[in-house]
Amino acid sequence: MSAADQQFMARALELARKGLYSTHPNPRVGCVIVQDGRIVGGGWHAKAGEPHAEVHALRQAGDKARGATAYVTLEPCSHHGRTPPCADALVAAGVARVVAAMQDPNPEVSGKGLLRLMHAGIAVHSGVLEAEARTLNAGFIKRMEQGLPYVRVKLAMSLDGRTAMANGESQWITGPEARAAVQCLRARASVIITGADTVLTDQARLTVRAEELGLNAELTALALDRPPLRVLVDGRLRVPLAAPFFQAGPALVATCAAAAARDRFLEDGHELLAVPGSNGHVDLRKLLLELAARGANEVLVEAGPRLAGAFARAHLVDEYQLFVAPKFLGSSARPLLDWPLARMAEAQELEIRDIRAVGNDWRITAVPKR
């Protein structure tokens, strides 16, 4: 792997990140075409059903693609989906070499695209900046390999680890900059999951607010064109249809309650999904399996301590996004997670991946140690 290969793949990854908010259920992919050490074409996949990154890059390169090197953040596809195979497009364009960041985990592709290129006489190399490419598409990779989405839990807390006052009051623990960062987390998710307590107490809507995203006009339009599916976990159907959550647009309700209410929800434009559970509590793993089957790559959990704690206790969390405000809420305020542990040996260890200031608050990215 040469320094030039890393440089051009880094640029392809930069392009791929433009699809952070819009490509679901597809992966985020970028591509650059390089001729004589100079980029002559570049592109990224914007959303499902539209041309893939390689097609955009080849169109921009035109005749200069012949004999060039294509840098792609994911193995070019080899099957007919909504669009023709990108491997065929690269062959037809006459590129001499293809460098991929990683092999596609989709079993329909998984090495077949690279093999097709090799059979056409194209030099192929894979594994350049693979770690970065895998991080960018962690949700897509997990869904392909495990049949589950990547679960990111967002929590806002005080310095003493509290999320709300004893009466449930929680607005606002953190400042506007932290709340804007949460909007971006929402926009990049395939699904936002919340619970009945949050919707009832906070009158939460869990929508993406364009004015807080801080993106350019093109990316904002793409993000709003593909809003995340809002899922309410409400095992006993406690939230009335008149709640602001339901007034904000179509939603899916995961419940253990009888399906007799299905028609009532359908009439209001929502879906009622019966998920097995016990004692009125939805089986969260089964819910995630269903969401993955519908194409969900990334799930954002924005909920109170009970539901967030349930995800943690079930070991379903891949990443925590903790927003910490420089204030104390006191010992009677509500804890971060409802997760009673009796012994130090039971403590969940975390690996902190990133800590940074967000306005007057701090943002901590941490992952569970398995």
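The largest share of the lining of the second largest pocket, six residues, comes from helix α6. Please note that this is a predicted model, in which local features need pLDDT of at least 70 and side-chain atom pairs count only at pLDDT 80 or more, while totals for chains, interfaces and linings use all residues. Residues are numbered from 1 along each chain as its sequence is written, and side-chain values use heavy atoms, without hydrogens and water.

A pocket here is an open set of points on a 1 Å grid over the protein atoms alone, where a 1.4 Å probe fits, with protein on both sides within 12 Å along at least five of seven lines; lining residues have an atom within 4 Å of a point. Helices (H or I, at least four residues) and strands (E, at least two) are DSSP runs, numbered from the N terminus.

How much space lies in this second largest pocket? The value is about 930 Å³, counted as the space filled by probe spheres set on the points, which are joined across faces, edges and corners. Of its 29 lining residues, the closest to the centre are Thr-135, Arg-152, Arg-188, Glu-319 and Thr-365. Among the elements that give two or more residues to the lining are β6, β15, β17 and β18.

Those four strands also belong to an open sheet of nine strands with mixed pairing, ordered β11-β10-β9-β8-β14-β6-β15-β18-β17. Strands pair if DSSP finds at least two bridges between them. The edge strands, β11 and β17, each pair on one side only. Within the sheet, β8 and β14 are parallel over three bridges, and Ile-193 stands opposite Val-301 in β14.
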